[in-house]
Amino acid sequence: FSGGLWRLLPPGLYSERNVKVSLCMCVLGSIVSTVAHGHLFTAFTFELFGDNTSVGLLESAAGVTALVTAVPVGLAVDRVARTRLLRICAVVGLFAAASGAAAVLVGPSVVARRSGAEGTTSTRLF
């Protein structure tokens with residue numbers, strides 16, 4: 001850790017294991033957030049279903065879900081112990097990552113089967 005971006009941090013800060021893990025998790029979280037809420041997810045949805053209506057419905061469902069869960073999650077943060085909350089978040093995050101990966105891997109074949117055109121779904125994202 002002597003060169004690169006680590007030089008931007010104050011000396012001694014990056015020697016702590018928790019700080020390294022937190023920095024790595026922030027970077028990974030930013031990447032996941034960009035993919036989930038950015039143009040890549042929208043492009044994948046458009047390529048998967050082929051119309052803007054499906055993209056709009058999916059983006060609306062994501063927005064409503066975030067709106068509905070904001071208050072209960074905020075209350076949970078105030079009332080639940082930090083370690084227990086981190087464990088719950090880890091389990092929910094793993095489930096979300098696994099279901100997202102399954103949707104990306106299985107989704108195109110399900111849409112193709114439903115439309116009756118097996119093998120004709122475009123896999124091009126850009």
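Trainee: So, how many helices and strands does the secondary structure of the protein chain come to?
Mentor: You get 4 helices and 0 strands. From the N terminus on, the order reads α-α-α-α. Keep in mind that this is a predicted model.

Trainee: Okay, what does the protein chain average in pLDDT?
Mentor: The average is 75, and 71% of the residues score at least 70. Where pLDDT is low, the predicted coordinates should not be read in detail.

Trainee: And which elements have the lowest and the highest mean pLDDT?
Mentor: Helix 1, residues 17-37, has the lowest mean at 76, while helix 3 has the highest at 87.

Trainee: Let's look at helix 3, then. At what angle do helix 2 and helix 3 pack?
Mentor: About 135 degrees, and their axes are 8 Å apart. Helix 2 covers residues 39-49, and helix 3 covers residues 52-79.

Trainee: What do you call that arrangement?
Mentor: Oblique: angles over 145 degrees would count as roughly antiparallel, and helix 2 and helix 3 are therefore oblique to each other. Helix 2 passes helix 3 in a right-handed crossing.

Trainee: Which residues make the contact?
Mentor: On the helix 2 side there are Phe41, Thr42, Thr45, Phe46 and Phe49. Helix 3 brings in Asn52, Ser54, Val55, Leu58 and Glu59. Sorted by type, the residues of this contact come to 5 nonpolar, 4 polar and 1 charged.

Trainee: What does Ser54 touch?
Mentor: Leaving aside residues up to four places away in sequence, Ser54 touches Thr45 and Phe49. Thr45 and Phe49 both belong to the helix 2 side of the contact.

Trainee: What follows helix 2?
Mentor: Gly50, with a positive phi near 85 degrees.

Trainee: Now the whole chain. How much of the protein chain do buried residues make up?
Mentor: Buried residues are 10% of the 126 residues.

Trainee: Last one: what share of the contacts with a separation of 6 or more comes from residues 24 or more positions apart?
Mentor: That share is 36% in the protein chain.

Terms used:
Residues numbered from 1 in each chain as written. Predicted model: local features only at pLDDT ≥ 70, side-chain atom pairs only at ≥ 80, totals over all residues. Heavy atoms only, no water. Helix = DSSP H or I, 4+ residues; strand = E, 2+ residues; numbered from the N terminus. Contact = heavy atoms within 4.5 Å. Axes fitted to C-alpha atoms, helices over the stretch in contact; angles between N-to-C directions. Parallel < 35°, antiparallel > 145°, perpendicular 65-115°, else oblique. Left-handed = near helix turned anticlockwise from the far one by under 90°. Nonpolar A, V, L, I, M, F, W, Y, C, P; charged D, E, K, R; others polar. pLDDT = per-residue confidence, 0-100. Buried < 20%, exposed > 50% of the residue type's maximum accessible area, 1.4 Å probe, protein only.
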